[in-house]
Amino acid sequence: MPLDPAVNGGVHDAEKASDDTPADIPAHDHHPESNHNFVDPVTHDDDGLPPLDRAPRGWLAVVGGFCCLFVSFGWITCIGVFQAYYSTHQLSQYSASTVGWIPSAETFLLFLGVPIFGGLFDRLGPTVILIIGTILHVAGLIGTANCTTYSQFFASQSVVSAMGTGAIFVAGTSAVGTWFQARRGLALGVVSAGSALGAVIGTAVIPVLFNRIGFPWTMRATALTYFVLMVVAILTTKSRPKRTPPVKAKLRISQLIPIPLLRHRPVLTLAIACFFYFLGVFIPYNYIVAESQDAGDSESAANVLLVILSATSTVGRVMPGWLGDRYGRFNTTIAFTFFSVFLVLAVWIAAPWRAGRVAFAALYGFGSGTFVSMVPTLIAQVCPDMSKLGLYLGAVYLVIAPSVLIAQPVAGVLAAVGDSTGRDPYVWLKVFCVLAMLVGVIGFMAARAAHQGNPLNLVKRGRV
């Protein structure tokens, strides 16, 4: 990929920062003069290390990371199909809100697993974490195939499998981040596309398999597929070696719950921005199918909207990463997240009918995919030491995790209070979606300003 010329006053690359900066203090706190535009790194081959951005082993890690995101975030994105199935089959005696805690808790524990496994990743590397994650995720899915009671489903799917997906997500994302700097956005975008493809296949195939081979064998087939993909991931996902092997100090609780990292303004501001954006960004994924069915569409026609959302998000996860490498990752994230806010206002709210929903699904999938792929890239950008990337991922996702539990109950209440005889019964739900995402966009602008060293200037220009 062609790279822009270096810009004067750019940020030192992560490898340089890791040599000069204490592990728990961001580099921009020590080098205020470097808080402007990032520059393309100069890689050296004479130090005996694989070069940044162009090592074959790095692109092999991208293949492994793609598989990791396919089986982790891809699985989490399509678990909405289970809520509908459980409500009419094994758990039909429970209310929809009670059944809804299974996918909600599963997503929450994935995010909560990021800080735990992030700290362990920095000490153990990706292979051990991937093996742990594979055992947990596959065992949880096989256990779910044999479940009959609510507590069994919750334990197998929402706890065991979810913790496995957290480990897999951390290892796949963090390992790839160590191999890239100038092309990190593109690399992590390709990795993130694995989750979109996993969601497309899952939402399209799993309901069909339920009807053809039954629930137990569908879960076993999924577990086997994920196991094969994880074997590929374990063989290909490696971290880039360091010049000097890190000294492994005694494991502290702060490495598993990295709250101290949130004392630094760029990290905290980015985490808060992600929290608010997460409150709203997945509401269309969760409710556009219900809205379509309430409007009179068949179940299959309504599910097509979810497939469209997931399919277009595949492009939305790769292209913005490439643009971010050229024009700035914060700049690209702000532009595309604001585009998503505009779509909710101008299409989902303004056109609450079938043609409007189809257009919204196609465009919103593309826009929202940017956020999913760019968050790890932004975290890597504010991380001064790539050997500590797992800790920084954990710190941000520790803040994000509660948004998953908050968004669903609030969205459910707002969906219920809408006027079922009015023009749009879901209008208050959509307004909440817009407001939460808009706060998130402003937060990204504040995080960009903090990273540049001038937290009061939200519109400061530069390739950052």
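**Close-up views of side-chain contacts**

**View 1. Asp-297 and Arg-354 form a salt bridge in the predicted model, with N and O 3.2 Å apart.** The model shown here and in the other views is predicted. This pair links distant parts of the chain, 57 residues apart: Asp-297 belongs to the loop between helix 12 (283-294) and helix 13 (299-327), and Arg-354 to helix 15 (residues 354-382). Asp-297 is buried, its relative accessible area being 18%, whereas Arg-354 is partly exposed at 37%.

**View 2. Asp-297 also forms a salt bridge with Arg-357.** The closest N and O atoms of this pair are 3.7 Å apart. Because Asp-297 lies in the loop between helix 12 and helix 13 and Arg-357 in helix 15, the contact ties together parts that are 60 residues apart in sequence. Arg-357 is buried, with a relative accessible area of 4%.

**View 3. Lys-430 and Asp-424 meet through their side chains in a salt bridge of 2.8 Å, N to O.** Both Lys-430 and Asp-424 are buried. The structure has 5 salt bridges in total.

**View 4. Tyr-94 and Tyr-150 form one of the 31 aromatic pairs in the structure.** Their ring centres are 5.1 Å apart and their planes stand at 40 degrees, so the pair is tilted. Tyr-94 lies in the loop between helix 4 (80-88) and helix 5 (96-124), and Tyr-150 in helix 7 (residues 150-177), so the contact ties together parts that are 56 residues apart in sequence. Tyr-94 is partly exposed, with a relative accessible area of 34%; Tyr-150, at 17%, counts as buried.

**View 5. Phe-275 and Phe-276 form an edge-to-face aromatic pair.** The distance from centre to centre is 5.3 Å, and the angle between the planes is 90 degrees. Phe-275 is buried, with a relative accessible area of 16%, whereas Phe-276 is partly exposed, with a relative accessibility of 29%.

**View 6. The charged end of Arg-220 sits over the ring of Trp-217.** The charged end of Arg-220 is 4.7 Å from the centre of the Trp-217 ring.

Note on methods: Residues numbered from 1 in each chain as written. Predicted model: local features only at pLDDT ≥ 70, side-chain atom pairs only at ≥ 80, totals over all residues. Heavy atoms only, no water. Phe/Tyr/Trp six-rings, centres within 6.5 Å; stacked < 30°, edge-to-face > 60°. Helix = DSSP H or I, 4+ residues; strand = E, 2+ residues; numbered from the N terminus. Buried < 20%, exposed > 50% of the residue type's maximum accessible area, 1.4 Å probe, protein only. Lys NZ or Arg CZ within 6 Å of the ring centre and 35° of its normal. Salt bridge = Lys/Arg side-chain N within 4 Å of Asp/Glu carboxyl O.
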